[in-house]
Structures are given as structure tokens and as C-alpha cells.
Amino acid sequence: MYENGKRCGQGTYRFKNGARYIGDYYQNLKHGHGVFYYPDGSKYEGSWVDDLRQGHGVHTYPNGDTYEGEWLRHQRQGQGVYVYKATGSQYCGSWVGGKMEGAGELIHLNHRFQGNFHNNNPSGLGKYVFDIGCEQHGEYVQVDQDRADGDEEEAVSMQLKWKPKSVSGLTLWSPVKESTEGQIEGLKELKTQEAN
């Protein structure tokens, strides 16, 4: 459909590179609900605002991975779930600028990590929960990676290392927010109690 010479309303647009969009348009831009089929075989179905993925949507990547959640200006932003097809693992939690950032949970076949993430990696306090009914509490810290002798001018790379602190039975988990000083604000690890 067109209005004043511009795509407006429902339509299908086929691109020269093989991509295809089926959905809503407003003022010649993808706007509303639509499905975009990319030339590499990936697909996005969800909300669009001013030609950008924005709002809720599902993106299926060429390798079969999927992300379902919130988008802002073409990037994963807000709450969402990313499923890794090859392993079956999934990340459920916060996203900022397309990266895992803030409180989240990385779920694997027989265990999960619950804690904070920064720049797609676990960061700070958290815990591993094992299907056998126990937890390991600890924190991820950055450590300097060893340099070869005589390479003092070479940039030092940081590596994340898990430092376990304790093992316990299962507890309830609440997201943790760390301040810039590394202090914990709002940590609520409540031991599972019987109802009164």
C-alpha cells in the first residue's frame, strides 16, 4: 500500500540482495509488526520503529541460535533470552547495547550460573547452581594474564577467574547490583525456608 507516493500500511518488499520484508510500513519505513528475511538465512519477526528493530521481537541467526526479547535501535536491549542451538545453553537476563549486561542467568544442561554480567561475561558475585541440589557461591574477578619475559611494553590482557567462597544447599536468588566500588547493593540470598 502507498500513501502520498510512500509505502504505508501492509506490504512486501524484495531487495536485490535476496532479503525480503513482509509487514507494516509508515512514511516509507518499516514501522509496526513485520518479518525480515536476511540473505544469510537469518530472520527477525517483531516490532519495528523508523526502519529499526525496536520493541519485542524474535531473531533467528544463521547458525540456529535465537534471541527473543526487547530491542532498541536495532540492538538487543532490556530483558531477553538467547538460546545457543549447538549446546542447548541459554542466557536469560538483561541486555544493554546488544551485550549481556546486568543481572542474568546462564543455563547449561546440568548447572546454571546466576549473577551479574558485564560486556557478555560473568562479573562479580554470583553462584553456580547444580542439578544435584547444591550451590557454589563465589565471584568472578579479573586477573592479569602472564606476560612473557622481557615483554613489559606489551599490553596486559585481563582474564576472568572464578573464586569459590562456599558451598550450600539450594537458596533463592535475587539479582545483585554492584556499585563502582564493588560493594553489593540489594544482595538478597535468602535460604529456602519451610512455610509457616
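1. A quick word on terms before the pocket: on a 1 Å grid over the protein atoms alone, a pocket is an open set of points where a 1.4 Å probe fits, with protein on both sides within 12 Å along at least five of seven lines, and its lining residues have an atom within 4 Å of a point. This is a predicted model, in which local features need pLDDT of at least 70 and side-chain atom pairs count only at pLDDT 80 or more, while totals for chains, interfaces and linings use all residues. Residues are numbered from 1 along each chain as its sequence is written, and side-chain values use heavy atoms, leaving out hydrogens and water.

2. The largest pocket holds about 180 Å³, a volume being the space filled by probe spheres set on the points. Its lining includes His118, Asn119, Tyr140, Gln142 and Met158. Strand β13 (a strand being a DSSP run of E, at least two residues) gives the most to this lining, with four residues.

3. Of its 19 residues, Tyr67, Tyr91, Trp95, Phe113 and Phe117 touch the most other members. Domain 1 (1–62) and domain 2 (73–145 + 156–169) both contribute residues, so this core lies between them; the bounds come from an automatic or database domain assignment.

4. Do look at Asn116 in strand β12. The Asn116 side chain reaches the backbone nitrogen of Ala103 at 3.5 Å.

How values were computed. Core = buried A, V, L, I, M, F, W, Y, C linked by side-chain atoms within 4.5 Å. Buried < 20%, exposed > 50% of the residue type's maximum accessible area, 1.4 Å probe, protein only. Polar contact = N/O pair within 3.5 Å; in protein donor to acceptor, adjacent residues only side chain to side chain.
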